[in-house]
Amino acid sequence: MTGRLPRPLFEPESAASGSIVALSVSKCATCGRHEFPHRDRCPSCRSGSAPALLSTRARVTAFTSVSHPPPGALVEVPYAVAIAAFPEGVSVLGRVVGVRLDELAIGDAVDTVAAVVGDAIGYAYRLAVETDR
Amino acid sequence: MTDVVVAGVGIHPFGRFGVGYRRLGAVAAAEALADASLALEDLDLILVANVTADMAKGQNVIDQLGRPGIPVLNIEAACASSAGTLLVASQLLASGAAGTILCLGVEEAPRGFVANAGFEGWQIATGLGVNPVYFALAAQELLEQSDVTIDDLAEVSVKNHAHAVNNPNAMYRQACTREEVLGSTIVCPPLHLLMLCAPNEGAAAAVLMRRDEARRRGIADAVTLEAVTVVSRGPDDWFVPAVSFQTATRTSLTARAASLAFEHAGVGPDDIDVVECQDTDAASELYAYRDLGLCTPGDEATLLRSGATALGGAVPVNPSGGLLSKGEPLGASGLGQLHELVQQVRGRCGRRQVEGARRGIGHVMGAGHNASVAVVAR
């Protein structure tokens with residue numbers, strides 16, 4: 001297992017670690033459903049789907065953590081994993097970086113960011129600093 | 001499907017033995033054949049459920065018993081593999097395409113981390129390819145969205161371990177206390193080690209035929225397989241190894257499998273006396289309460305706390321001790337449940353017997369989005 005990610009999951013693809021990115025999704029031309037990772041056909045209505053980008057900000061709806069290094073993982077333990085709900089109606093699992101587990105709460109706003117994964121760059125979430133509600 | 005019966009069952013205890021999957025499977029298969037008073041050569045077809053062994057695994061097991069030359073096919077649907085054998089067997093029997101079928105589930109799971117659950121390479125590399133993460137997230141959702149507490153999760157483990165004291169085929173046969181469960185290592189919060197099952201080794205088998213064939217052979221204690229359903233991923237399900245789902249419309253594989261099974265069997269949840277469900281983790285059992293129709297959504301904690309799902313209650317769940325006590329030999333799980341349910345409705349479960357059990361359901365779920373519900377009755 002190398003650190004190479006097979007296709008772009010987010011844009012910009014060459015983002016520097018820590019910078020905000022948008023997950024690459026598909027949006028159904030007929031029913032508007034968003035899917036991550038992107039797919040050619042909508043699983044709901046089977047119409048053709050076109051590439052789109054998700055909003056970069058989402059809300060944490062659940063979270064947990066991993067303390068024992070899973071085989072093949074190129075990230076350090078312990079790390080937090082969250083379900084983040086995006087405004088487009090899709091929820092996506094992601095690692096949460098730069099946070100202790102006791103700092104996370106359901107309802108927290110997160111930004112999607114580029115993050116180091118071995119010798120490659122993947123996506124992760126980072127707590128957003130909200131200046132207004 | 002009410003014309004299909006289970007004519008015999010067999011099992012190899014679940015645990016850690018190091019004898020190899022061929023031996024595990026051969027023991028269970030031989031016992032099932034003996035229970036049905038059948039020879040290997042009396043079978044038309046053998047279906048073998050397994051996830052982790054090498055190619056032609058079923059063939060390698062059967063070779064331990066004989067060389068009948070009949071079709072041996074391997075079926076895999078992750079932890080729902082056993083259900084796949086039952087589905088195919090029941091449909092072939094109902095159509096008359098086959099007369100006697102052996103369904104065998106066998107597994108010698110590697111220790112520790114369940115690998116090859118279908119995650120993409122990037123999920124594994126970024127730390128998202130971890131099965132207990134999925135169970136933990138769902139457990140937290142249950143804690144947040146219902147009155148289920150961490151004590152309730154512990155109580156599921158306590159209940160099932162207490163049941164296993166009377167199951168010689170379970171790996172862990174010691175009772176435990178709530179304090180011991182909550183004192184065990186936190187694996188992925190909120191789930192503690194004693195709230196999670198361990199993959200292990202084991203095998204279970206069943207001989208299936210039509211009722212008229214069982215009568216012709218003079219089999220006195222055949223049990224009816226009233227229904228077996230298998231469902232796979234619909235547009236709005238979420239399970240291992242999916243990385244995303246539709247926020248507002250998440251559906252339940254188990255609920256669909258159960259609804260179809262009840263429809264095929266012509267019964268409802270109130271007609272069920274005993275349940276063997278997929279308690280890969282404590283929260284999964286509570287989700288099964290709602291998805292199998294044992295309670296309405298939101299009443300899972302109430303049902304558990306009432307004692308209804310413990311031995312002696314109105315609808316005992318996992319009298320075998322469940323996966324939490326038996327461990328999970330992936331491909332053998334569903335047939336292990338069938339073994340328990342058949343023995344329950346036959347009245348052969350000794351100190352873990354559910355009094356007066358006449359109808360039971362089994363429930364398994366597998367990675368890749370698979371779920372199955374089977375209904376047996378006597």
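## Helix α1 of chain B

Helix α1 of chain B (residues 21-35) has 15 residues and spans 21 Å from first to last C-alpha, close to the 21 Å expected at 1.5 Å a residue. Helices here are DSSP runs of H or I with at least four residues, and strands are E runs of at least two. This is a predicted model, with local features needing pLDDT of at least 70 and side-chain atom pairs pLDDT 80 or more, while totals for chains, interfaces and linings use all residues. Residues are numbered from 1 along each chain as its sequence is written, chains are lettered from A in the order written, and side-chain values use heavy atoms, leaving out hydrogens and water.

Buried residues (under 20% relative accessible area, 1.4 Å probe, protein chains only) in α1(B) include B:Y21, B:L24, B:A28 and B:L33. Their cover includes β1 (4-15), α2 (57-62), β4 (100-108) and β7 (201-210) of chain B. Just past the helix, B:S37 takes a positive phi of about 55°.

## Where chain B meets chain A

Counting contacts as heavy atoms within 4.5 Å, 27 residues of chain B touch 39 of chain A. B:W122, B:A125 and B:Q246 supply 21% of the area chain B buries against chain A, more than any other three residues; buried area is the accessible area (1.4 Å probe) lost on putting two parts together, summed over both.

The rule finds one salt bridge across this interface (Lys or Arg side-chain nitrogen within 4 Å of an Asp or Glu carboxyl oxygen). A:R33 and B:D236 meet in a salt bridge at 2.6 Å, N to O. On chain B's side, α5(B) gives the largest share, seven residues.

Key:
Expected span 1.5 Å × (residues − 1). Buried < 20%, exposed > 50% of the residue type's maximum accessible area, 1.4 Å probe, protein only.
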